[in-house]
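Subject: The two-chain model

Hi,

Here is the structure I promised to pass on. Please have a look at it first, and then read my notes below.

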Amino acid sequence: MLSIHLILFLAFGAIAVAGAVNLLVQTHPINSALSLIAVMAALAGEYLLLGAEFVAAVQVIVYAGAIMVLFVFVIMLLNAGVEEHTKGSRVAIVFGIPGMLVGSLLLAWVVLKHSGTQSVPVGALPGAPRTIGPLLFHEFLLPFEITSILILIAIMGAVVLASKPTATGGPAKKVQD
Amino acid sequence: MVPLSYYLLLSGILFACGVLGFLIKRNIITIFMSIELMLNAVNLSFVAFAAHWHSLAGQVFVFFVMVVAAAEAAVGLAIIISVYRTRETLNVDQVNLLKL
């Protein structure tokens, strides 16, 4: 019998896989970005099914919101057009697609063979912000603080890398010849 | 009740799509998006295992993965802008020299 959770899992999973395949099929980067947003929204639904409310909210806000807006900004800024195919990509297709098929079949076989019929009960682990917060600020305090330094370095790196080249010689200096 | 293996299979399919996109795509922005897809697939298996083993540490790890992904996206897109400024192409086949 199909339970409502299994139906929801299959629906969100179908959206996620369809979005991932669409990302591969589309040739224009903006279409790929939009299908990636669909994948992330579907994954947020999967997180909610697993009881991870905080992670689902962060997924929508940070991934589908902030990171993808950054991607769309860069696509528009650089005026990225339709992808052009070259000879080199044929080699990747010849080796990539069979390799991926073999790899995913092997993975599926191993997972189905060894994980048995254990189920993930719905709502067994409430991942609400109230339970995640103490964990972040007690047990994982040091990594949490280190990520703030990482973010600071990333901001400075992004500004330095993307800034316009200056007269004294910026990072993106064009060589004239 | 959804079996754990279903979540792992979905995660594996998404990861395989990410690797395939990384290999066959020629646009540097789409390649970068494939990397994000792989990170998302790994996050799904983290959350599934967290629910399976009744440990919230998995969800905290997903939070850290997202933070690192945000930092990576900012720096990576800045590098893409810098590459585009010097070479005026987004095709990775034409970006084959370390120095111009």
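What follows is a short tour of what I found.

First, the conventions: this is a predicted model, in which local features need pLDDT of at least 70 and side-chain atom pairs count only at pLDDT 80 or more, while totals for chains, interfaces and linings use all residues. Residues are numbered from 1 along each chain as its sequence is written, and chains are lettered from A and ligands numbered from 1 in the order in which they are written.

**Chain A**

Chain A contains six helices and one strand, where helices (H or I, at least four residues) and strands (E, at least two) are DSSP runs numbered from the N terminus. Read from the N terminus, the order is α-α-α-α-β-α-α. Chain A has 177 residues, and 24% of them count as buried. By that I mean that 20 or more other C-beta atoms lie within 10 Å of a residue's own; 12 or fewer make it exposed, anything in between partly exposed, and the C-beta atoms are placed from the backbone. Taking the contacts in chain A between residues at least 6 apart in sequence, 55% join residues at least 24 apart. A contact here is a pair of residues whose C-beta atoms, placed from the backbone, lie within 7 Å.

Chain A is split into domain 1 (8-82) and domain 2 (128-162), with bounds that come from an automatic or database domain assignment. Their C-alpha centres are 23 Å apart.

**Helix pairs within each chain**

In chain A, helix 1 and helix 2 pack at about 160° with their axes 8 Å apart. The axes are lines fitted to C-alpha atoms, for helices over the stretch in contact, and angles run from 0 to 180 degrees between N-to-C directions. These two helices of chain A are therefore roughly antiparallel; the scale is under 35 degrees for roughly parallel, over 145 for roughly antiparallel, 65 to 115 for roughly perpendicular and oblique for the rest. Helix 1 of chain A passes helix 2 of chain A in a left-handed crossing, that is, the near helix is turned anticlockwise from the far one by less than a right angle (clockwise would be right-handed). Among the residues that meet here are Phe9(A), Phe12(A) and Ile15(A) from helix 1 of chain A, and Leu36(A), Val39(A) and Leu43(A) from helix 2 of chain A.

In chain B, the axes of helix 1 and helix 2 come within 8 Å and cross at roughly 165°. This pair in chain B is therefore roughly antiparallel too, and its crossing is left-handed.

**Where the chains meet**

The contact between the chains takes 81 residues from chain A and 62 residues from chain B. On the chain A side, helix 4 of chain A gives the largest share, 13 residues.

Helix 3 of chain A packs against helix 2 of chain B at about 175°, with axes 12 Å apart, so the two are roughly antiparallel. Residues that meet there include Val55(A) and Phe71(A) on one side, and Met33(B) and Val47(B) on the other.

Met33(B) is worth a click. It counts as buried because 25 other C-beta atoms lie within 10 Å. Beyond its neighbours within four places in sequence, Met33(B) is in contact with Leu23(A), Ser32(A), Ala33(A), Leu36(A) and Phe71(A).

**The core**

The largest nonpolar core has 68 residues, and those with the most contacts inside it are Val55(A), Ile29(B), Leu37(B) and Val47(B). Such a core is a set of buried Ala, Val, Leu, Ile, Met, Phe, Trp, Tyr and Cys residues joined through C-beta atoms within 7 Å. It draws at least three residues from each of domain 1 and domain 2 of chain A. Leaving out neighbours within four places in sequence, Val55(A) is in contact with Tyr47(A), Gly127(A), Val47(B), Gln59(B), Val62(B) and Phe63(B).

Most residues other than glycine have a negative phi. His54(B), in the loop between helix 2 and helix 3 of chain B, has a positive phi of about 55°. This histidine, His54(B), is exposed because it has 10 C-beta neighbours inside 10 Å. Glu88(B), in the segment after helix 3 of chain B, has a positive phi of about 60°.

Happy browsing!

Terms used: Contact = placed C-beta atoms within 7 Å.
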